[in-house]
Amino acid sequence: MAGALAEKRVVPLRARRDEDKEARRRELLDAARALFEATSFAEVKMADVAARTGLAKGTVFLYFPTKEALFLALLDDLLIAWFAKLNGRLAEDGTWTGHQLARTVAESLEGEETFTRLLARAQTVLEQNVTVAQAQAFKERVLVSMGTTAALLQARLPFLTPESAVQLIRHVHALMTGLRQMADIAPVAREVLTLPHMAPLRVDFTAELTAAITTLLRGLEPR
């Protein structure tokens with residue numbers, strides 16, 4: 001009887017500890033996001049994240065051993081959330097046109113600038129200073145999400161095969177990355193691009209992505 005009572009006391013305590021850890025992890029991710037949105041990845045310091053949360057810098061490193069690991073975890077959360085949003089829209093019944101699907105993908109990224117800015121830095125920055133285990137965990141979650149989205153893409157566009165649906169997602173990733181880098185410009189360049197004759201260099205992320213995906217889908221349609 002005494003042993004059973006002790007066990008009942010331990011389980012809730014462990015659960016509370018896990019909840020506390022997750023709450024603190026979430027707090028660190030939220031702080032990193034706020035700092036990134038206000039400045040840039042290069043300007044954010046782990047000490048800034050600690051100060052914003054009121055934690056010791058050493059405590060931050062207990063959760064995330066490097067700045068890259070912290071932001072890769074943030075990207076992980078944002079990427080999974082975006083896939084869920086996109087999948088919700090793709091789950092609507094019916095066969096779509098290529099342009100309709102392209103517009104749906106592009107519009108799902110409206111308001112997701114933080115996500116696309118981080119995604120554009122994934123391979124070149126965020127994955128450069130993390131452990132194999134951290135990188136694999138991230139890639140495994142991406143792989144699962146891609147599989148779900150690929151199946152929904154096939155349902156909307158029956159001419160897509162399992163292979164071409166996955167290829168489409170990879171190409172959309174490349175387009176998102178390139179167009180975000182083109183649209184995410186320095187203030188001085190933004191001022192230059194307001195000049196009337198600079199119009200061909202200005203990038204409308206949503207419109208450009210819609211057009212690019214539409215063109216991409218035409219190439220995947222059977223001849």
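Helices (H or I, at least four residues) and strands (E, at least two) are DSSP runs, numbered from the N terminus. This is a predicted model, in which local features need pLDDT of at least 70 and side-chain atom pairs count only at pLDDT 80 or more, while totals for chains, interfaces and linings use all residues. Residues are numbered from 1 along each chain as its sequence is written, and side-chain values use heavy atoms, with hydrogens and water left out.

**Annotated region**
- The unreviewed UniProt entry places a "DNA-binding region" at residues 45-64; UniProt positions are given in the numbering used here, feature names are shortened, and annotations may be inferred rather than shown by experiment.
- Residues 45-64 are 75% helix and 0% strand, with end C-alpha atoms 13 Å apart.

**Asp-76**
- Asp-76 belongs to helix H4 (residues 67-90).
- Its relative accessibility is 6%, so Asp-76 counts as buried (under 20% relative accessible area, with exposed over 50% and partly exposed in between; 1.4 Å probe, protein chains only).
- Beyond its neighbours within four places in sequence, Asp-76 is in contact with Phe-138 and Arg-141 (heavy atoms within 4.5 Å).

**Helix H11**
- The 16 residues of helix H11 (residues 205-220) should span 22 Å at 1.5 Å a residue, and the end C-alpha atoms are 23 Å apart, which agrees; the expected span is 1.5 Å times one less than the number of residues.
- The buried residues of H11 are Phe-205, Leu-209, Thr-210, Ile-213, Thr-214, Leu-216 and Leu-217.
- Seen down the axis of H11, these buried residues fall within an arc of 165°, so they line one face of the helix; the arc is that of the directions from the helix axis to the C-beta atoms.
- Helices H5 (98-108), H6 (113-119) and H9 (162-183) are what the buried residues of H11 pack against.
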